[in-house]
Amino acid sequence: MIINDDFIPKRKTSSKLPPGQYEERGFPVLSLGPTPDIDINTWKLEVTGLVDNPISWTWQEFNKLSKELIIKDIHCVTKWSKFDSKWEGVPMQEIFNIVKVQPGPTHLIAHSYDGYTTNLPIEDISNGKAWVATAYDSDEIEAEHGGPARLLVPHLYFWKSAKWLNKLEFVDRDQPGFWETRGYHNYGDPWQEQRYWND
Amino acid sequence: MVADNVMSLTFSLPQWQSFKAGQHYDIRLTAPGGYMAERSYSIASSPEDKGIVEYGVQLLEDGEVSPYLWKLAEGKQVEMRGPIGGHFIWDVSVPGPLILIGGGSGMVPLMSMLRHHANHLDDPPSPEGFGEAKREIVFMISARTYEHILYRRELERIGSQDRNINVVATITDNAPESWSGYKRRIDKEMLEEILGKYKNTDAKTFICGPTPFVEAVAKHMKALGFKSSDIKTERFGG
Ligand SMILES: Cc1cc2nc3c(=O)[nH]c(=O)nc-3n(C[C@H](O)[C@H](O)[C@H](O)COP(=O)(O)OP(=O)(O)OC[C@H]3O[C@@H](n4cnc5c(N)ncnc54)[C@H](O)[C@@H]3O)c2cc1C
């Protein structure tokens, strides 16, 4: 480790900040390509794979499901963290109950409108740890931040919270997704600083 | 200095690793008390420049890491992790015209791509007839003032040596009297004029810079009919 003896910190530290992160008041954008245009009238969210009740919701149908207010810190692998971000969304548990997830699946693969995918262990999306968010800061989620609906898994680095969600697939083996096959950590725990493959 | 507000920094690495043009490193600073700050910086040098990594760091006056890097004395060390990134990358094996669009310090990773290309200009063409000597490249630059255009001299030199490269700059704030180029932000009309002929080709586009810049340019490119899957973006924040 190199100590930079003339380096003077400018930012406050906080017990809410995982290692290597800094607090950001704004809401930066990070995506791999252009922001897709998604029409709410043709939007759908499919749930497939190892479930008894595969389903495809329209925007109207999805918005009838019961939602929760979520206030959580979020941590992006590009180093910023945002405290107390305010979302509204359908708890994953609710989706589990509706589609009747079978006993077999080990992972959820989230698919997005732009072809993006990310993988999540089942344990990390059950027990109140994950939502499908439909509102941010009491308003619709802006397109550049993943609207109309994005996954929200705040305890992992934010690339796991797939933007522009359109499919949830329950599978019985791990399938590393877009960033996970391009040098980023397969799990992504900010508190362990699991940013890259060798972390 | 490679522009008014961007400084070029070159480090030699004890364990240099090969990388792809477009990738970045994380630079981590650790204060004596253990406090750490870490930021990403794109590689400006070409993968052929073995042993070293060059960056282009823009100064944010009240920033934490960039002012420190600006004041870094020669011979000082910093901790670096990388190379990182597997999406915003390009190398000479990728067929088709190359479109590079950079705003401010967003030119840094694009410069690595251009330098990589230039290093292969004299390679013999592949059996299919591909080769860098024939590669068409457009490098679009948006800068606040003439002095804010990064790597100006080098771009002029590369542009004059390689007839298939088209360097187009637009100056958004304070264009000199003598400036005959564009004097506005990159918009749809400008993109159409310069890039229109690459629609429906296998051209690959790389857009890099501050988030609002990338959002706007990528949106216009899509509206012009360029395929999302041929457009790669890197947002520096801000
Ligand atoms: C993939 C990637 C590649 C990048 N490549 C490059 C590159 O090649 N060149 C380059 O120059 N940059 C690059 N960046 C941006 C770079 O990582 C840093 O974000 C940038 O240098 C700013 O860091 P900083 O520590 O100087 O400023 P920070 O301390 O992070 O502050 C950023 C801005 O926010 C303001 N700010 C934030 N918090 C506070 C606070 N508490 N008080 C006061 N002001 C505050 C500061 O005034 C400043 O303007 C890249 C970013 C990414 C994600």
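User: Quick one to start: is A:Ser81 buried or exposed?
Analyst: In this predicted model, A:Ser81 is buried, and its relative accessible area is 0%. The residue sits in strand β5 of chain A, which covers residues 80–91.

User: And which residues is A:Ser81 in contact with, neighbours within four places in sequence left aside?
Analyst: With those neighbours set aside, A:Ser81 is in contact with A:Leu17, A:Pro18, A:Gln21, A:Tyr22, A:Glu23, A:Glu24, A:Ile74 and A:His75.

User: How far apart are A:Ser81 and A:Trp43 in space?
Analyst: Going from C-alpha to C-alpha, A:Ser81 and A:Trp43 are 30 Å apart, with a separation of 38 residues in sequence.

User: Where else does a positive phi turn up?
Analyst: A:Asp137 also has a positive phi, about 50 degrees, although it is not a glycine. A:Asp137 is located in the loop between β8 (131–136) and β9 of chain A, and with a relative accessible area of 46% it is partly exposed. For context, most residues other than glycine have a negative phi, and most peptide bonds are trans.

User: Which peptide bonds are cis, then?
Analyst: Among them is the bond from A:Gly147 to A:Pro148, with omega near 5 degrees, where A:Pro148 lies in the loop between β9 (139–140) and β10 (150–152) of chain A. In chain B, the bond from B:Gly82 to B:Pro83 is cis, with omega near -5 degrees, and B:Pro83 is part of strand β5 of that chain, residues 79–84.

User: Zooming out, how many helices and strands does chain A have?
Analyst: Chain A has 2 helices and 11 strands, and reading along the sequence gives the pattern β-β-β-α-β-β-α-β-β-β-β-β-β. Its radius of gyration is 17 Å, close to the 16 Å from the globule rule for 199 residues, so chain A is as compact as a globular protein of that length.

User: How far apart are the mean positions of the positive and negative charges?
Analyst: For chain A, the mean positions of the 21 positive and 29 negative charges are 2 Å apart.

User: New topic: what is the area buried between chain A and chain B?
Analyst: The area buried between chain A and chain B is about 3100 Å², with carbon and sulfur atoms giving 52% of it. On the chain A side, A:Ile2, A:Phe7 and A:Pro34 lose the most area to chain B, together 22% of what that side buries. In terms of contacts, 32 residues of chain A are in contact with 36 residues of chain B.

User: What does A:Asp5 touch?
Analyst: Not counting residues up to four places away in sequence, A:Asp5 touches B:Pro32 and B:Lys76. A:Asp5 is in the segment before β1 (22–23) of chain A, and at 58% relative accessibility it counts as exposed.

Definitions and conventions:
Residues numbered from 1 in each chain as written. Chains lettered and ligands numbered in written order. Predicted model: local features only at pLDDT ≥ 70, side-chain atom pairs only at ≥ 80, totals over all residues. Heavy atoms only, no water. Helix = DSSP H or I, 4+ residues; strand = E, 2+ residues; numbered from the N terminus. Rg over C-alpha atoms; globule rule 2.2 N^0.38 Å. Lys, Arg positive; Asp, Glu negative; His and termini not counted. Charge placed at Lys NZ, Arg CZ, Asp CG, Glu CD. Contact = heavy atoms within 4.5 Å. Buried area = accessible area lost by both parts, 1.4 Å probe. Buried < 20%, exposed > 50% of the residue type's maximum accessible area, 1.4 Å probe, protein only.
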